[in-house]
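Here's a quick briefing to read alongside the model. Have the sequence and the 3D view open while you go through it.

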Amino acid sequence: MINLIWVALFLIGMGYAAVNGTMDDVNKVLFSSASDAVQICFGLVSILIFWLGLMKIAEKSGLLDKLSNLFKPVMKRIFPEVPPDHPAMGYILSNTIANMFGLGNAATPMGIKAMEELKKLSGGKATPSRSMITLLALNTSGLTLVPTTVIAIRMQSGAHSPTDIVGPTLLATLCTTAAALLIDRYFYHRRRRKK
Amino acid sequence: MSLITTFSTWLVPCLIAVVLLYGTLKKVPSYDAFVEGGKEGFSLAISVMPFLVGMLVAISVFRASGAMDALIHFIRPLMSAIGMPSQVLPLALMRPLSGTGALGLMTDLVKTYGPDSFVGRLASVMQGSTDTTFYVVTVYFGAVGIHRIGDALKVGLLADLVGVISAVCIVTWAFG
């Protein structure tokens, strides 16, 4: 499906540009966005090195295990296929916690690490396992307690109370996360029935 | 307000301090462990690169051609029918595609309509309550070499839709 979407984005864009005379803009953005993407990746290098290094200390000292023990009852229900003592659980948890506190740059390395562990669990297949899709759903729904960037922008634009959206945002993100987990369950059962 | 900003600035340093203190207490050679773990960082970031370049270029072409605006124009009547102000529609569509793009749109809405207006608040909540689905799928699956996406994108996009609808409902209920 991703192949189809990817090609469609290009072809629809180019077709539209051909009809509406925006081919100039398409040309410009074609290569500038490629270099943007590389910039983003290089931005990731420093963050990944720092947080993965720090996480290694947390892993070796057993801090990660302690953390996952604390939330084991909930996580066991969300990720039934991951053994509770598996290192993947610790990484999934740190990823979720980092997301909750709006530490996007810490969440990504831990999420990737969790994906690696989950891939080992599934025997290194090129197709995502059930737990991988669940982890992705958890991340795309963006469970955040404090939306720091949004608050900063509201402060800059002179809001009376920049944080008055924290409560509604929390409610909305809870709805989205709950929905993501439910939709994920639905698709999982649909896949199983097909087999 | 100051409490939350203080909390945010203290959070990361405190987190680092806890990890370092606990590691030292448990007699982990902290610096060696840090270097060992950090080594993976570079190769991981590089392995994500082709995925991100491919996805970002495609999304940019779609946006720059004006096809994105046309799509917005097309579904605008539909959205206003469910009580969603048409000004936030571009943001709702941009949110899953591009994080920086959505942040730009949200900033623009907050500045244009005012942070305390209905549109400004709705934009803030929408920005804060979901994440960039395409980016997350690309980076997380790209890094570990998953090429078939399975149901992941469908789950993410459907959740985004729920996110937009719940943002509209909740903001209407809280500030309406």
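Predicted model: local features only at pLDDT ≥ 70, side-chain atom pairs only at ≥ 80, totals over all residues.

Chain B is built from eight helices and has zero strands, and it is more spread out than a compact globule, so its radius of gyration of 20 Å sits well over the 16 Å that the globule rule gives for 176 residues. Across the whole structure, a search turns up four aromatic pairs over all chains.

**Chain B overall**

- Reading from the N terminus, the elements of chain B go α-α-α-α-α-α-α-α.
- Along its principal axes, the C-alpha trace of chain B covers about 65 × 45 × 25 Å.
- Burial first: 52% of the 176 residues of chain B count as buried.
- Take the contacts in chain B with a separation of 6 or more, and 61% of them come from residues 24 or more positions apart.
- Chain B has an accessible surface of about 7800 Å², and carbon and sulfur atoms own 71% of that.
- On the charge side, chain B carries 10 positive and 9 negative side chains, with the centres of the two sets 2 Å apart.

**Aromatic rings**

- For orientation, a pair of aromatic rings is described by the distance of the centres and the angle of the planes.
- A:Trp6 and A:Phe10 make an edge-to-face pair, at 5.1 Å centre to centre and with 85° between the planes.
- These two residues, A:Trp6 and A:Phe10, are four residues apart in helix α1 (residues 2-20) of chain A, so about one helical turn separates them.
- A:Trp6 is partly exposed at a relative accessible area of 33%, whereas A:Phe10 counts as buried at 15%.
- A:Tyr186 and A:Phe187 are another edge-to-face pair, with 5.6 Å centre to centre and 70° between the planes.
- Here A:Tyr186 is partly exposed, with a relative accessible area of 46%, while A:Phe187 counts as buried at 5% relative accessibility.
- Ring pairs also tie A:Phe50, A:Trp51 and B:Phe34 into a cluster, and that cluster has members from chain A and from chain B.

**A:Val150**

- You'll find A:Val150 in helix α8 (residues 148-156) of chain A.
- Its relative accessibility is 3%, so A:Val150 counts as buried.
- What does A:Val150 touch, not counting residues up to four places away in sequence? The list is A:Ile165, B:Met106, B:Ser124, B:Gln127 and B:Gly128.
- For a sense of distance within the chain, A:Val150 and A:Met89 are 61 residues apart along the sequence, and their C-alpha atoms are separated by 30 Å.

**B:Ser65**

- B:Ser65 sits in the loop between α2 (30-64) and α3 (67-81) of chain B.
- Is B:Ser65 buried or exposed? With a relative accessible area of 0%, B:Ser65 is buried.
- Setting aside neighbours within four places in sequence, B:Ser65 is in contact with A:Gly13, A:Tyr16, A:Ala17, A:Thr22 and A:Val26.

How values were computed:
Residues numbered from 1 in each chain as written. Chains lettered and ligands numbered in written order. Heavy atoms only, no water. Rg over C-alpha atoms; globule rule 2.2 N^0.38 Å. Buried < 20%, exposed > 50% of the residue type's maximum accessible area, 1.4 Å probe, protein only. Contact = heavy atoms within 4.5 Å. Areas by Shrake-Rupley, 256 points an atom, 1.4 Å probe, with all protein chains shown as cover. Lys, Arg positive; Asp, Glu negative; His and termini not counted. Charge placed at Lys NZ, Arg CZ, Asp CG, Glu CD. Phe/Tyr/Trp six-rings, centres within 6.5 Å; stacked < 30°, edge-to-face > 60°.
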